[in-house]
Amino acid sequence: MQIANMRTFQILYSRTHFRNLISTKPNLYKTINRFYSISTVYDPVNGCIVTKPVTMSEKSKLSQPESNNHDDGSSNSDYLDALKDDRSYGSVLKSNQGNWSSFGGNSIKKSKSKSTWVCSECGYADGQWWGYCRECKNVNTMKEVVEVDNGGKVSGFQVSEKIVQQSWLPKGKGDDGPLRLTDVNKRVNHSDWRFPLSGLFGDEVSRVLGGGLVPGSLILVGGDPGVGKSTLMLQIAAIIAEGKEIGKPAPVLYVSGEESVEQIGNRADRMDISTDELFLYSSTDLEDILIKAHALCPRALVIDSIQTVHLMGVTGSAGGIYQIKECTAALLRFAKKTNIPVFLIGHVTKSGDIAGPRVLEHIVDAVLYMEGEQHSTHRLLRAFKNRFGSTDELGVFEMSPSGLKALKNPSEIFVSDGYSDSEFLAGLAIAVVMDGSRTFVIEVQALCAAGSSLSRQVNGVQAGRADMIISVLMKQAGLKLQSNAIFLNVVSGATLTETAGDLAVAAAICSSFLEFPIPSNVAFIGEIGLGGELRMVPKMEKRVSTVAKLGYKKCVVPEPAAEMLRGLDFGGIEVLGCRNLKDVINSVFITR
Ligand code: TYD
Ligand code: MG
């Protein structure tokens, strides 16, 4: 205590002396300003601020890791004496106060906090704020993340590493060092490679996952709020827990940071889920969740949602960029080390991306998106990324009062209910498009209104593509569409992304313009070129066989496709080959 008081006196003396020096020698003050900066340090013993000059070299030295080296080669000048005093004060504090070692001599270091600006869209980090992300060019996406280095405090990465390095975790397969491919394959039992999901619903999910659930995989399920992510995951969790395909139930842990266990229980009750092996837990502390998961040793773990969980010791609150990144990294290591598959639910931002840094999508093994129109009960589950299977697959479900149901025959969901009356309605045409390995028939509607205004409104078809088809119809097929307002719509909010739908768009416009209803049992497949010619599209055979199975009687296709399909038996459907749009008009829009 005595030493501390003595030091305090020295500091105060130095400060007064320094002030006198400045007031009597203004030129000296300027010099000081040039070579030294004035630093203020909080004096923890007296509870006041202490001022001191710091040379530029000192300043950089002080920000170096802790050093007790006092021999800085400084001159005998007064202000450096003051500095020396101050630094020795720091060392006293260190020896006397233990925890306060960061104050005093290394006082600048104590407040070492680094601001990084991280883009919320792509995860790009910059040391400086810009109005936009210099990587992805998005505006206003740079968010400040302050990393405080508290000496002993571990960084986020170390935290997430720490929690999966728990002794209870089994040794990972990769811990053996490099292995021969043949040896790896020998020790893998291929029947265990994928966990099958039973039932119609399970089949649908399995297909999207690439043929079943891969042990140790980390799967991110994204979608708009209220689209049905929690419902979907609860149903998947129940199927995995029941394990009907392998005849052996096992625990599955469903963790929610958004709902209480009672609320999840209530939902499960409504959905008629009553498996004994489904465990519910409500928590947001990831370390706690993983410890509970270990104790239960589940067959799968579901986290609802990644934006609500957090790791103690990582900068930021739950949902923040660093938290999301670190939590996902911790879960990835957990999944890989334990071989327990982990599902993460992720919210989607207004722009349709999963909230959080884009890197999230790079970390996980698979990204599934759940889509659905607000006023439709249909839900589509699509693989956006899949390390263990194709990303072409699509699952089709219907949201019912008792949960999601897989659709037995989803091909016709995009055809309007009143289509049977279309014998009397002009402007409707059926397109046959592929999504993954699935074929869908989609109804395209067109309305050509002469006179009124010349506006064009397009829904579900790319505006540029629609413009091109209309221009080709005018120029190559001679349709006088110039004086018409044209409206295009795809039923059920579907979007025609394939050029295979071009012919149906053209047929719908012709039908409306010519006031000639197309019979409801005719489908159109084909791409349109700028010369008005019809072009082949992939998987013609599959498309034609689907419409044949659905009971269509005629399918209009490009001439080369008709030749290719000649001789194949599609069960009574007429495959009509046309070379160009004129051919189509002459063969379809004609009364026999
Ligand atoms: P939910 O799974 O909570 O959506 P998310 O987790 O994506 O936010 O689903 C919410 C919607 O689903 C809600 O609007 C009601 C509807 N729903 C049904 O229609 N039937 C059901 O059996 C359930 C559980 C939900
Ligand atoms: Mg939810």
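Strand 16 (residues 438-450) and strand 18 (residues 484-490) run antiparallel to one another, paired over 7 bridges; strands are DSSP runs of E, at least two residues long, numbered from the N terminus, and two of them pair if DSSP finds at least two bridges between them. Ala450 faces Asn484 of strand 18. This is a predicted model, in which local features need pLDDT of at least 70, side-chain atom pairs count only at pLDDT 80 or more, and totals for chains, interfaces and linings use all residues. Residues are numbered from 1 along each chain as its sequence is written, and side-chain values use heavy atoms, with hydrogens and water left out.

The pair belongs to an open sheet of 7 strands with mixed pairing, ordered 17-18-16-15-19-22-23. Strand 17 (456-459) and strand 23 (574-578) are its edges, each pairing on one side only. From one strand to the next the twist averages 25°. Helix 18 (residues 581-588) lies across strand 19 (522-524), strand 22 (554-558) and strand 23, at about 140° to strand 23. Angles run from 0 to 180 degrees between N-to-C directions of axes fitted to C-alpha atoms, for helices over the stretch in contact, where contact means heavy atoms within 4.5 Å; a helix is a DSSP run of H or I, at least four residues long.

The whole structure holds 3 cavities of 30 Å³ or more. A cavity is a set of points, on a 1 Å grid over the protein atoms alone, where a 1.4 Å probe fits but cannot get out; lining residues have an atom within 4 Å of a point.

Methods
Chains lettered and ligands numbered in written order. 1 Å grid on protein atoms, 1.4 Å probe; cavity = no way out; pocket = protein on both sides within 12 Å on 5 of 7 lines; lining within 4 Å. Points joined across faces, edges and corners; volume = space filled by probe spheres on them.
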